[in-house]
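Here are my notes on the model, as numbered points.

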Amino acid sequence: MTVQPETVQPAAAARPSDELLVVKDLKKYFPIRKGFFGRMVGQVRAVDGVSFSICRGETLGLVGESGCGKTTTARLIMRGYEPTAGEILFNDPNLGWVNIPTLDKKRMKQVRRNIQMIFQDPYSSLNPRMTLLQIVGEPLLVHGVAKGSELRDRVAELLRVVGLRPEYMVRYPHAFSGGQRQRIGIARALALHPQLVVCDEPVSALDVSIQAQILNLLQDLQEQFHLTYLFVAHDLSVVEHISDRVAVMYVGKLVEVGETEQVFHQPLHPYTEALLGAVPKPHPRYRGKQIILKGEVASPANPPSGCYFHPRCPYAVERCRVETPPLREVQPGRLVSCHRAEELQLQGVAV
């Protein structure tokens with residue numbers, strides 16, 4: 001299945017004005033090939049029908065186990081991958097509502113000014129042969145925003161904003177620690193004053209003490225520059241600290257979406273309950289219900305029938321094995337993909 005070449009969405013006028021990004025039924029299947037001729041024998045359903053939206057000034061946390069499709073979703077939004085199907089609608093300030101997978105090269109370059117990415121590994125995401133002036137100033141040169149002395153002034157200001165000295169611009173990445181390198185990556189992402197920043201596990205490779213500094217910096221920058229974040233992470237403590245809403249993924253599908261406090265304290269999906277059960281407890285004497293999931297994570301190349309989580313779910317019934325639960329709204333702003341969401345009383349993180 002391929003995306004039809006349509007650039008501007010005719011229904012754009014009907015979208016709420018505060019929405020910035022809308023993802024509809026997004027899919028990405030990677031082919032499995034075998035044999036001398038590379039015959040396709042199957043598909044890996046890395047992202048399998050994901051839908052969500054992000055409003056201006058909001059932080060949406062996208063969480064789940066490793067391999068669930070979080071980073072693939074982020075790369076699809078950045079158009080690092082071409083989707084198999086679905087729409088990624090972005091409200092560009094100059095072009096209006098556009099469907100990112102259908103844009104030509106010229107329009108995609110315009111949209112990239114307003115969507116930037118912070119990468120997971122600060123050691124491999126920076127070119128070791130470029131100085132900070134070249135790294136942070138590259139987006140300004142590519143888009144023709146600044147050059148010469150104006151470029152140096154812009155880079156100096158960006159370094160100050162992220163907590164680095166302007167004189168560092170003549171140095172190379174090897175001269176900096178992991179936390180400082182991530183600040184450089186953040187400065188590069190902010191160079192063009194984007195509206196949406198996709199953060200792909202930006203603190204997972206850093207020490208815990210440095211994580212807090214980077215998270216606080218991201219929150220300060222969000223307030224200062226009116227940024228919107230898609231924050232991809234597997235550390236739930238980090239997600240709780242920075243996110244306004246949380247979307248939980250399992251084997252390429254969203255299983256629960258809701259406000260952070262509601263999801264953490266009153267989960268509606270058994271998988272969310274299991275994830276929260278692994279969060280370190282705030283009091284040494286607190287003893288919550290220990291949840292040990294049986295079996296292994298389902299393979300995206302050969303997912304089970306019905307609910308993908310049912311082989312590991314302690315609450316599964318026969319309906320879960322044969323019928324795929326849709327992602328539906330069970331409370332205002334609360335979406336869940338579970339047949340038994342209304343009847344289960346699940347345990348969240350202790351207040």
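**Helix packing, sheets and cores**

1. Start with the α3/α5 contact: Leu132, Ile135, Val136 and Pro139 in α3 meet Ile184, Ala187 and Arg188 in α5, where contact means heavy atoms within 4.5 Å. Helices here (H or I, at least four residues) and strands (E, at least two) are DSSP runs, numbered from the N terminus. Helix α5 covers residues 178-190, and α3 and α5 pack at about 30° with their axes 7 Å apart. Axes are lines fitted to C-alpha atoms, for helices over the stretch in contact, and angles run from 0 to 180 degrees between N-to-C directions. The two helices, α3 and α5, are therefore roughly parallel; the cut-offs are under 35 degrees for roughly parallel, over 145 for roughly antiparallel, 65 to 115 for roughly perpendicular, and oblique for the rest.

2. A word on the basis of all this: the model is predicted, so local features need pLDDT of at least 70 and side-chain atom pairs count only at pLDDT 80 or more, while totals for chains, interfaces and linings use all residues. Residues are numbered from 1 along each chain as its sequence is written, and side-chain values use heavy atoms, with hydrogens and water left out.

3. Helix α3 (residues 132-142) also packs with α4, at about 115° and with axes 9 Å apart. That makes α3 and α4 roughly perpendicular, therefore, to each other. On the α3 side the contacts include Leu133, Gly137 and Leu140, and on the α4 side they include Leu151, Val155 and Leu158.

4. Next, the open sheet of 4 strands: its order is β2-β1-β4-β5, with antiparallel pairing (two strands pair if DSSP finds at least two bridges between them). β2 and β5 (96-99) are at the edges with a single partner strand each, so one side of each has no neighbour in the sheet. From one strand to the next, the twist averages 25°.

5. Within that sheet, β1 (residues 19-34) and β2 (residues 39-55) pair over 13 bridges, with Leu21 opposite Ile54. They form a hairpin with 4 residues between them, and Gly35 in the turn has a positive phi of about 85°. Strand β4 (residues 85-92) is joined to β5 by 4 bridges, and here Phe90 stands opposite Val98.

6. How is α1 placed, and how covered is it? Helix α1 (residues 70-77) lies across β1, β2 and β4, at about 115° to β1. It is mostly covered, with 6 of its 8 residues buried, Leu76 and Ile77 among them; buried means under 20% relative accessible area, exposed over 50%, partly exposed in between (1.4 Å probe, protein chains only). Just after α1, Arg79 has a positive phi of about 65°.

7. The other open sheet to check has 8 strands in the order β6-β7-β8-β3-β9-β10-β12-β11, with mixed pairing. Its edge strands are β6 (115-118) and β11 (328-331), each pairing on one side only. Strands β10 (residues 253-259) and β12 (residues 334-336) run antiparallel, joined by 2 bridges, and Glu256 stands opposite Val336.

8. Finally, the cores. The largest nonpolar core has 66 residues, and Ile184, Ile186, Leu218, Leu221, Phe231 and Tyr250 touch the most other members. Such a core is a set of buried Ala, Val, Leu, Ile, Met, Phe, Trp, Tyr and Cys residues joined through side-chain atoms within 4.5 Å. Helix α4 (residues 148-161) gives this core its largest share, 6 residues. Apart from it lies another core of 32 residues, among them Leu20, Leu76, Val232 and Ala247.
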